[in-house]
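Please read the points below with the structure open beside them.

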Amino acid sequence: NPLGFLLLGVLAAAACGGGVLLARFFSQSASRHTHPSSAETVASASDTLARELATVLAVVRGSIANKEAYARSLADAQARLVGLTEAEQVRVIVSLLVAENERMRLASVEGQRRIEASAREIQTLQESLRGAETAALTDPLTGSGNRRQFDVAMQKAVEASNADQTALSLIMCDIDHFKRVNDQFGHHVGDEIIKALAGVIGANVRETDTVARYGGEEFAVILPLSGQEAARATAERIRAQFGAKQFAVRETKEKIG
């Protein structure tokens with residue numbers, strides 16, 4: 001069945017892709033503590049991948065067994081046809097072959113159904129793993145990249161800059177006197193100010209730049225193909241816009257500065 005073999009090939013590619021993605025995710029997770037939800041996603045994905053690959057293997061084995069049985073039936077029918085003279089005996093053999101062919105057709109349809117179901121399951125698995133991978137590289141408070149994302153992006157940016165002999169700049173910034181804000185107004189207010197800084201940074205960088213929360217109220221911005229003067233201008237825009245904001249506690253209207 002050409003369609004069956006085509007679907008099997010597609011599934012094999014999807015399964016291999018899922019395995020590679022899973023292996024890469026495990027590798028990236030090895031050097032850090034994975035968020036509980038991400039760990040659960042990976043564990044579930046591992047079980048699903050193993051189950052679906054077992055299903056595919058069973059379908060392949062069943063297909064091979066069916067083809068071997070079919071070949072034996074043809075050989076047996078051929079042997080029995082030799083020397084037959086009565087039309088009734090010929091009709092019996094033909095009937096057996098028709099029945100065997102129908103059995104093969106039904107087995108092929110069922111195998112195709114199972115393969116298509118596994119293909120859909122593995123596609124869902126790949127999307128789930130990509131989502132978990134993205135979550136593992138994202139700072140939950142600001143939606144910016146986290147320290148892990150910074151490390152990965154910085155390494156790639158340095159390698160590309162060295163290989164192509166192109167400019168690369170890095171902006172490091174934090175919030176002045178931030179400890180005083182936390183001590184006087186509480187961490188929930190501090191969190192809102194951190195999110196505000198992330199918003200200002202995000203509004204002043206290019207799509208090709210990488211923004212990451214480096215730690216606490218510290219942020220890093222990786223700017224590929226950006227020289228010192230361009231990076232300085234970007235940093236100054238961020239500083240000026242954030243510095244111009246007048247923060248106040250929402251409930252009490254008390255000014256933060």
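The notes below cover a sheet, its helices and a few single residues.

1. Basis. This is a predicted model, in which local features need pLDDT of at least 70, side-chain atom pairs count only at pLDDT 80 or more, and totals for chains, interfaces and linings use all residues. Residues are numbered from 1 along each chain as its sequence is written, and side-chain values use heavy atoms, with hydrogens and water left out.

2. The sheet. Three strands form an open sheet in the order β1-β3-β2, with antiparallel pairing. Its edge strands, each pairing on one side only, are β1 (168-173) and β2 (210-215). On average, neighbouring strands of this sheet are turned by 20° against each other, direction ignored. Helices (H or I, at least four residues) and strands (E, at least two) are DSSP runs, numbered from the N terminus. Two strands pair if DSSP finds at least two bridges between them.

3. The β1 and β3 pair. Six bridges join β1 and β3 in the antiparallel sense. C173 stands opposite F219 in β3.

4. Helix α6 on the sheet. Helix α6 lies across β1, β2 and β3, and runs at about 10° to β3. Axes are lines fitted to C-alpha atoms, for helices over the stretch in contact, and angles run from 0 to 180 degrees between N-to-C directions. Contact means heavy atoms within 4.5 Å.

5. Helices α5 and α6. Two packed helices are described by the angle between their axes and the distance between the axes. The axes of α5 (residues 178-185) and α6 come within 7 Å and cross at roughly 140°. The two helices, α5 and α6, are therefore oblique to each other (angles under 35 degrees count as roughly parallel, over 145 as roughly antiparallel, 65 to 115 as roughly perpendicular and the rest as oblique). From α5, the residues F178, V181, N182 and F185 meet H187, H188, V189, G190, I193 and I194 in α6. The residues of this contact divide into six nonpolar, four polar and no charged (Ala, Val, Leu, Ile, Met, Phe, Trp, Tyr, Cys and Pro count as nonpolar, Asp, Glu, Lys and Arg as charged, and the others, Gly among them, as polar).

6. G190. This residue, G190, lies in helix α6 (residues 187-203). G190 counts as buried because its relative accessibility is 0% (buried means under 20% relative accessible area, exposed over 50%, partly exposed in between, with a 1.4 Å probe and protein chains only). Not counting residues up to four places away in sequence, G190 touches F178, V181 and N182. G190 and E217 are 27 residues apart in sequence, and their C-alpha atoms are 8.8 Å apart in space.

7. S144. The loop between α3 (87-136) and α4 (147-164) holds S144. With 11% relative accessibility, S144 counts as buried. Leaving aside neighbours within four places in sequence, the contacts of S144 include L137, T138, A198, V211 and F219.

8. T234. Helix α7 contains T234, which counts as buried at 8% relative accessibility. Not counting residues up to four places away in sequence, T234 touches I171, N204, V205 and L223.

9. Two positive phi values. Most residues other than glycine have a negative phi. L225 has a positive phi, near 60°, and sits in the loop between β3 (218-224) and α7 (228-243). K253 has a positive phi, near 65°, and is found in the segment after α7. L225 is exposed, with a relative accessible area of 63%, and K253 is exposed, with a relative accessible area of 62%.
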